[in-house]
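Thanks for sending this one over. Here are my notes, point by point, to read with the model open.

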Amino acid sequence: MSKLQRRVVTAAEAALAQRKYVSVVDIAVGLGWLRSAQVDQWRQGRVATLEELAAVDGARLRDTADLLGRWAREGGLTPSETAYIAGNRDRAPLKFVAHGDDAVFRIHWLAPDLSPARRAQLVQRQNKAPDLVVVEATSEWSCAECSDTGPYLIMSDTGPLCLTCADLDHLEFLPAGDAALSRRAKKESTLAAIVVRLNTRRKRYERKGILVEEQALARAEEQCLADEEVRLRRRERDTVRRATQDDEFRVRMAAEILRLFPRCPEERATEIAEHAAVRGSGRVGRSAAAKVLDREAVTLAVVASVRHLDTDYDRLLMDGVPRRDARTAIRETLDRVLESWRE
Ligand SMILES: [Zn+2]
C-alpha cells in the first residue's frame with residue numbers, strides 16, 4: 001500500500017464509522033486538504049470549483065477518488081451517485097475539478113450493513129436540494145443585474161444579486177433565536193433562504209436568521225401562540241410594519257394596478273401595493289421609478305406577485321430547479337394570469 005492509499009483508507013473508515021457513508025469530499029477534509037468552511041463556501045456557489053480551494057490539484061483529487069472506489073468495492077460498499085447542487089440563486093450543479101468529468105466525485109459509498117429503509121433515507125437526504133443562502137452585506141457591493149445595492153445579496157453565476165433581481169424580495173426576515181418559530185416558519189414557507197453574515201475575526205459564516213414568506217411566518221406564529229413571548233414579538237413587528245408603510249403611496253399604487261389590470265381582484269391589488277410600500281425594504285415598488293408609479297415598475301410588482309402566488313415558481317426553486325428553467329416553466333401560467341387581469 002502506498003502512503004496515500006493508507007491515509008485514504010484511514011480517513012474513509014473514520015467517515016464510514018461516523019456517518020455510514022463516505023465521499024471524496026469527506027476524505028479531502030479528513031486528510032486536511034480542505035477545511036469544512038471551505039466546503040461550505042463551495043456549496044454556496046461562491047467558487048467555480050472545489051479544486052480552487054483545495055491544498056492539492058485536481059489530478060491528486062482524482063487519484064484519491066479512484067483509491068476510495070477501489071477500497072469501497074473491496075469492502076462491499078454500495079455506490080450512490082449524489083446530486084451536488086449550488087445553494088446560490090442559479091441552483092447549478094457544483095463542479096469539483098477544472099478539467100475532466102466530475103462523475104467519480106459525486107459517488108457516495110454507503111455502508112454494507114444498512115437496512116434497505118435506512119439506505120433509501122440516506123440517499124434521499126443526500127440528494128435534497130441545499131438551502132438557498134443569502135449573505136448579509138458587510139462591505140460595499142453592487143448587484144450584477146441592476147447595479148443597485150442593498151442589505152442582502154445572494155450569489156449567482158454572474159455575480160452577487162440583490163433580492164429584487166433574485167426574486168426573493170417578497171420574503172420577510174426572521175432573526176435567529178427562536179428555534180421552534182424558525183423551524184415552523186421554514187416548513188410553512190414554499191420558498192425560504194438562510195441568512196448568513198461573515199464573521200471576519202473567526203473567518204466563517206454565521207447564521208443570522210431566515211427569510212420566509214409573510215404568510216408562512218404568520219402561520220408559524222399561530223402555531224407558537226401559546227408562547228407569550230412570541231405574541232409580544234409579533235405585536236412589535238406589526239407596529240414596525242405599520243409605521244413603515246406609506247399610506248398615500250399605497251393607495252395610489254393600488255389604483256394604478258387596477259388601472260393597468262382592471263380585472264385583478266381588488267384585495268390582491270391592495271396586497272401588492274402594501275407589499276411594495278414597505279419603506280426601505282429594497283422591494284420593487286420602493287425603487288425611485290415606482291415612487292412615480294411608472295408603468296413598468298407597477299407591472300414588475302404585479303409580475304413578481306403572480307410568480308410567487310399563482311405559479312409553481314417558488315416550489316421549483318426550492319426543489320433545486322435552475323432559475324432560468326423555472327422561469328421558462330412558469331412563463332405560460334404567468335402570461336395567462338396577467339392576460340386574464342388585463343381584459
Ligand atoms: Zn439587482
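1. At roughly what angle do the axes of helix α10 and helix α12 cross? The answer is roughly 110°, with the axes of α10 (residues 266-276) and α12 (residues 295-310) coming within 10 Å. Here axes are lines fitted to C-alpha atoms, for helices over the stretch in contact, and angles run from 0 to 180 degrees between N-to-C directions. Helices (H or I, at least four residues) and strands (E, at least two) are DSSP runs, numbered from the N terminus.

2. Before going on: this is a predicted model, so local features need pLDDT of at least 70 and side-chain atom pairs count only at pLDDT 80 or more, while totals for chains, interfaces and linings use all residues. Residues are numbered from 1 along each chain as its sequence is written, and side-chain values use heavy atoms, with hydrogens and water left out.

3. Back to that pair: α10 and α12 are therefore roughly perpendicular (angles under 35 degrees count as roughly parallel, over 145 as roughly antiparallel, 65 to 115 as roughly perpendicular, the rest as oblique). On the α10 side, Arg268, Glu271 and Ile272 make the contact; α12 brings Ala301, Val302, Ser305, Val306, Leu309 and Asp310. Contact means heavy atoms within 4.5 Å.

4. Next, α9 (residues 247-260) against α10: their axes come within 8 Å and cross at roughly 135°, which makes α9 oblique to α10. Phe249, Arg250, Met253, Ala254, Ile257 and Leu258 of α9 meet a set in α10 that includes Ala269, Ile272 and Ala273. Ile272 is also among the α10 residues touching α12.

5. Helix α1 (residues 3-19) packs on helix α4 (residues 58-74) at about 65°, axes 10 Å apart. From α1 the contact takes in Leu4, Val8 and Leu16, among others, and from α4 residues including Leu67, Leu68 and Trp71.

6. Now the metal. The zinc ion has Cys143, Cys146, Cys162 and Cys165 as protein donors, each through SG, lying 2.3 Å from it. Donors are N, O and S atoms within 2.8 Å of the metal (3.2 Å for Na, K and Ca), and water is not among the atoms, so sites may look incomplete. The sequence spacing reads C-x2-C-x15-C-x2-C. Cys143 sits in the loop between β4 (132-136) and β5 (152-156), and Cys162 in the one between β6 (159-161) and β7 (171-175), so the pair ties together parts 19 residues apart in sequence.
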